[in-house]
Amino acid sequence: MNTTRRIARLLIPLVCTAALATVASGARAQAEISGQASVTGSPVPKSISVAQSRLDGAAKDSSDFLHSNGDYTQTRYYPASQINTKNVAKLKPAFVFQTAVLESMETAPIVVDGIMYLTTSYNHVYAIDAATGKEYWHYKHKMGPVTTYCCGPNNRGVAVMGDRLFMGTLDAKLVALDAKSGKLLWETQIADPELGYSETMAPVAVDGMVLIGTNGGEYGIRGFVKAFDANDGKLVWTFHTIPEKGHEGVWAVNDATGRNMLRDIAAEKKQLAEKGGDFYKTLGGGVWMAPAVDRETGTVIFVVGNPSPDLYGAERPGDNLYTDSIVAVDLKTGAYKWHYQYVAHDVWDLDAVSPVILTEARDKAGKMRKVAIHGGKTGHVYVHDRATGELIRFSQAMVPQENMWVLPTKEGARMLPGANGGVEWSPMALNAKHRLVYAANLHQPMTYHVEEAKYPGGKLWLGGAFKVIPGEKQWGRLAAVNVDTGKVAWKFDTEQPLIGGVLATAGDLVFNGEGNGLFRAFDAKTGKKLWEYQCGAGVNAPAVSYMVGGKQYVAVAAGGNTQLDFKRGNSVFVFALP
């Protein structure tokens, strides 16, 4: 096979304590020219079929892990306790599965009837025995001639429904695979990769549709969430995260916490009058992570990323709706229901990315309400009324904040948190019994630099740079926040910034990994570290848990991370009790 690859990558210079780290990178690559998508291996030795009723009941399913974030409410809470606080110290590797791709891994595997489906960078999919690691089949996606993406060639997992798997690709396609054999059933082009669109998120399958958003907020795209027919890949509906009219918003002065964002609104209104309104087509607003689905009300709830260009706001006067927002739309039609914007006219790249969790929490009067929760790059956990979007509370800051919201300058203005957060794309987890949500945080002191930048036509469009500060320590923090009060209940600090996600279990455990290869288990109530294992490469993916033959397993990918340049690997580690 003759393979030709040409990669041009722009690295924003970030000086770390000991090495160069990448906060954002763009890559335009001529990918593998290999004829057709290929599948090697043999079919799984059973029929695979996941009914909608099973997907709806996933939160109580202790055998399988059917969604990338556990279930439609995305609590990442696994309801079995065979592995618990009393015996987790005995946890040992049951097997290690090595993939063919040595590159960053952000996948959350799903497990169906003892079969694990996992993905890698560059859109490979594997079907393996979830108890032994035996490989059944291996699918390699055929890339188109151009892929344009930010922050690494990652893929965060597949969705399953019926006898099919669904995956988004770096060349902005949605593909359907036969879950038994890995055969490609159909593929559809979601958007144009030459304009900066790509797909790394795990889709969501529901009611015969596949929901998927788009990357590309760093490239001047117009963001969206789309629904496709699971049978044939035809488009059902589109919700644009940048409205054609009204994207200027209400000219908000303060952020969601009530702090002045130091906007020159008079200057922005003048810029808007001069520009007209057609810049909505390049205003950004990517949707990075899987949406939550409220089955009771038929509502899809998700968060939207930064505007384009990231740092140079003069190209995009106004609030830039619906960037940096939590948004709710109708499941059947994609029609708008409500939104709440955290940061209007964001010029710090503090976009909303960590997936929404649906649960219940007490309001200020002590009344229990159905809520949607989001962990922000700002370092706050935001709690919203699920029906209206009303902000009920925001938590204490989980990481240091400083000079918020100082405006970027040519020389560089210092503000904390840095552009990675807070909580980056990392999914949170919830233990409702303890009233705690668990968030993986980063602390990376940065300066924000701005420069004039016109739309470059589908190329990286930052309008400046964000740079870590030489000599200032970077670290991570796993924080537990009480959803009823917003108070930080406990925290565990790590040597390196945390990115990858969290899993909570009925065994009163919380699992989280670090870029130095350590995978850890904590007491969910107290935060005490109970166990750790060195995986040899960055554990920068969210863990999952499942049961096969009456035995509980915990699985996590260890492949490192492009965004923070953590050590690469190619393995999924699966643990169990002896």
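How many aromatic pairs does a search of the whole structure find? The model examined here is predicted, and the search returns 22 aromatic pairs. A pair of aromatic rings is described by the distance of the centres and the angle of the planes. Two of the pairs are followed in more detail below.

Phe166 is buried, because its relative accessibility of 0% falls under the 20% cut-off. Trp186 is buried as well, at a relative accessible area of 10%.

Tyr533 and Phe573 form another tilted pair, with ring centres 6.0 Å apart and planes at 55 degrees. Here the partners come from strand E37 (residues 529-534), which holds Tyr533, and strand E40 (residues 571-576), which holds Phe573, so the pair ties together parts 40 residues apart in sequence.

Arg156 lies over the face of Trp425, at 4.4 Å from the ring centre. Lys226 is placed over the face of Phe224, and its distance from the ring centre is 4.4 Å.

Val502 lies in strand E34 (residues 502-505) and is buried, with a relative accessible area of 0%. Which residues are in contact with Val502, leaving aside its neighbours within four places in sequence? They are Arg76, Pro427, Met428, Ala429, Tyr438, Ala439, Ala440, Leu478, Val510, Phe511, Asn512 and Pro542. Another, Pro427, is 75 residues away along the chain, yet the C-alpha atoms of Val502 and Pro427 are separated by 6.2 Å.

Lys86 gives a contrasting picture. It is found in the loop between strand E4 (77-78) and strand E5 (92-98), and is exposed, with a relative accessible area of 81%.

Attention now turns to open space in the model. Rolling a probe the size of a water molecule over the atoms shows where empty space is left. The largest pocket has a volume of about 410 Å³. It is lined by 21 residues, of which Ala59, Asp71, Thr73, Thr75 and Leu358 are the closest to its centre. Strand E19 (292-294), strand E23 (357-362) and strand E28 (429-431) each give two or more residues to this lining.

The backbone holds some points of interest too. Most residues other than glycine have a negative phi, and most peptide bonds are trans. Against that background, a cis peptide bond joins Leu321 and Tyr322, with omega at about 0 degrees. Tyr322 sits in the loop between strand E20 (299-303) and strand E21 (325-330). A cis peptide bond also joins Leu416 and Pro417, where omega is about 5 degrees; Pro417 lies in the loop between strand E27 (413-415) and E28.

Positive phi values occur at Asp113, at about 50 degrees, and at Cys151, near 75 degrees. Asp113 is placed in the loop between strand E6 (110-112) and strand E7 (115-119), and is partly exposed, with a relative accessible area of 29%. Cys151 occupies the loop between strand E10 (147-150) and strand E11 (159-161); this residue is buried, at 10%.

Finally, how confident is the prediction? The protein averages a pLDDT of 93, and 94% of the residues score at least 70. Over residues 1-35, however, the pLDDT is below 50, although this stretch has 99 contacts in the model beyond near neighbours in sequence. Where pLDDT is low, the predicted coordinates should not be read in detail.

Key: Residues are numbered from 1 along each chain as its sequence is written. This is a predicted model: local features need pLDDT of at least 70, side-chain atom pairs count only at pLDDT 80 or more; totals for chains, interfaces and linings use all residues. Side-chain values use heavy atoms; hydrogens and water are left out. Rings of Phe, Tyr and Trp (its six-membered ring) pair if their centres lie within 6.5 Å; planes under 30 degrees apart count as stacked, over 60 as edge-to-face and the rest as tilted. Buried means under 20% relative accessible area, exposed over 50%, partly exposed in between (1.4 Å probe, protein chains only). Helices (H or I, at least four residues) and strands (E, at least two) are DSSP runs, numbered from the N terminus. A charge sits over a ring if NZ of Lys or CZ of Arg is within 6 Å of the ring centre and within 35 degrees of the ring normal. pLDDT is the predictor's confidence in each residue, from 0 to 100. Contact means heavy atoms within 4.5 Å. On a 1 Å grid over the protein atoms alone, a cavity is a set of points where a 1.4 Å probe fits but cannot get out, and a pocket is an open set with protein on both sides within 12 Å along at least five of seven lines; lining residues have an atom within 4 Å of a point. Grid points are joined across faces, edges and corners, and a volume is the space filled by probe spheres set on the points.
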